[in-house]
Amino acid sequence: MTDSSDPDAQLIERLQLENESLRVELEETNQGVLALYAELDSQAEALRQASDLKSRFLSYMSHEFRTPLGSILSIARLLSDELDGPLNEEQHRQIAFIRSAAGELSDMVGDLLDLAKIEAGRISISPAWFDMLDLFSALRGMFRPIVEGDAVDLIFEEPEGIPRLYTDDKKLAQILRNFISNALKFTPAGEVRVSAQMLNAREVRFAVADTGIGIPADLQANLFEDFSQVDSPLQKRLRGTGLGLALCKRFAELLGGYVGVDSVPGKGSVFYVVIPHAIDAGAAHDA
Ligand SMILES: Nc1ncnc2c1ncn2[C@@H]1O[C@H](COP(=O)(O)OP(=O)(O)OP(=O)(O)O)[C@@H](O)[C@H]1O
Ligand SMILES: [Mg+2]
C-alpha cells in the first residue's frame, strides 16, 4: 500500500503511471508499424502481379507480332529480288523502305521479347570457352557494311593478356553490339574504339569509347532503364526504342557482372561492361 504522505512512494507511483502510458504508446506504435508492414506486403504483392502481367503481355504481344512481320519481310525480299517480274526504280525504293521499316519493327519486337523473357526468368545462359579474338572479329564483320565510307572509324584494339573466357558469348556479343551501334548512332565524326582488359585477376572489362555528342551527368543514372532516351537534335533524327541499354544491363547481370558509363557532353562517352572472365557455374543462375 502506498502512503500518500511518503514522497518516495509518490515518486514511485508517478513513475509507474508514466511507465504505463509509455507502454501503451509503444504498443500502439507497434501496431501501427505492423499495419504498415502488412500494407507494404500487399502493395509488393500487387506490384509483383502487375509486373508479371506486364511481362506476359509483352511476351504474347511480341510473339504475335513476329509472324506477320516475318511474312512482310519475306514478301518484300521476294519482290525486290524481282522473282515475280522486274520493278522500276521507284518501286525498288518503295520496297526498300518497307523492308527497312519492317526490319526496325522486328528488331524492336525482338528486344521486347528478350526483356519479357528475362523478367519472367525464362532466359538462361549457356557458358562455353571461347577466344576474345573470335568475338572481336565477328563484331568487326557485322559492322563492316555499316561503317564503310562513314565519317566514323570503328577500331577494335588488340586485346592483350586476356585469357580464354568462359561465359555466354552470345549475350556478351549482344551487349557489345548494342554499345557499338549506339556509339555509331551518336557520333557524327571521329572514332568508336572497342577494347578489352583485365580489371583484376577475376574480371574483364570491355569498353566502347566514342567521340560523339556525350550525355549530361544528370541523365546518366537513368540511361539503363527501359525506354530511357536523352533529348538531343540527333535523337530526333534517329529512331530507336530506348530498350538497348536496358537489355545490356540485364544481360550483364545474367553474366554475373555490371554495366556503366562515363561521359562528357560534347566530348564523347565510354560505355563499359565488367564480367567475370570465367562465370562460376554455381552462381550462373537461370534468372
Ligand atoms: N554512345 C552514346 N552517346 C550518346 N548518347 C547515348 C549513347 N548511347 C546511348 N545514348 C543515349 O541513351 C539512350 C538510350 O540508349 P538505348 O540503346 O537504350 O536506346 P536507343 O538507342 O535510343 O534505342 P534502341 O532500343 O533502338 O537501342 C539513347 O537514346 C541516347 O539518348
Ligand atoms: Mg540503342
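Predicted model: local features only at pLDDT ≥ 70, side-chain atom pairs only at ≥ 80, totals over all residues.
**Figure 1. Helix 7 and the elements that cover it.** Helix 7 itself spans residues 244–254, and because nine of its eleven residues are buried, the helix is largely enclosed by the rest of the structure. Which residues of helix 7 are the buried ones? They are Gly244, Leu245, Ala246, Leu247, Cys248, Arg250, Phe251, Ala252 and Leu254. Follow the chain onward and you reach Gly256, which comes after helix 7 and has a positive phi, near 85°.

**Figure 2. Helix 3 crossing helix 4.** Two packed helices are described by the angle between their axes and the distance between those axes. Here, the axes of helix 3 (residues 132–147) and helix 4 come within 11 Å and cross at roughly 35°. Is this crossing left-handed or right-handed? The crossing of helix 3 and helix 4 is right-handed. On the helix 3 side, look for Leu135, Ala138, Leu139, Met142, Phe143, Ile146 and Val147. The residues they meet in helix 4 are Asp169, Leu172, Ala173, Leu176, Arg177, Ile180 and Leu184. Sorted by class, the residues of this contact between helix 3 and helix 4 are twelve nonpolar and two charged, with no polar ones.

**Figure 3. Gly190 in strand 4.** Let's zoom in on one residue: Gly190 is part of strand 4, which covers residues 190–198. Why is Gly190 called partly exposed? A residue is buried with 20 or more other C-beta atoms within 10 Å and exposed with 12 or fewer; Gly190 has 14 and is therefore partly exposed. Setting aside its neighbours within four places in sequence, you can find Gly190 in contact with Val152 and Thr211. Look for Asp153 as well: Gly190 and Asp153 are 37 residues apart in sequence, yet their C-alpha atoms are 6.5 Å apart in space.

**Figure 4. Where domain 1 touches domain 2.** How many residues does each domain bring to the contact? Domain 1 contributes eight residues and domain 2 contributes nine. On the side of domain 1 that touches domain 2, five residues are nonpolar, three are charged and none are polar.

Terms used: Residues numbered from 1 in each chain as written. Chains lettered and ligands numbered in written order. Helix = DSSP H or I, 4+ residues; strand = E, 2+ residues; numbered from the N terminus. Contact = placed C-beta atoms within 7 Å. Axes fitted to C-alpha atoms, helices over the stretch in contact; angles between N-to-C directions. Left-handed = near helix turned anticlockwise from the far one by under 90°. Nonpolar A, V, L, I, M, F, W, Y, C, P; charged D, E, K, R; others polar.
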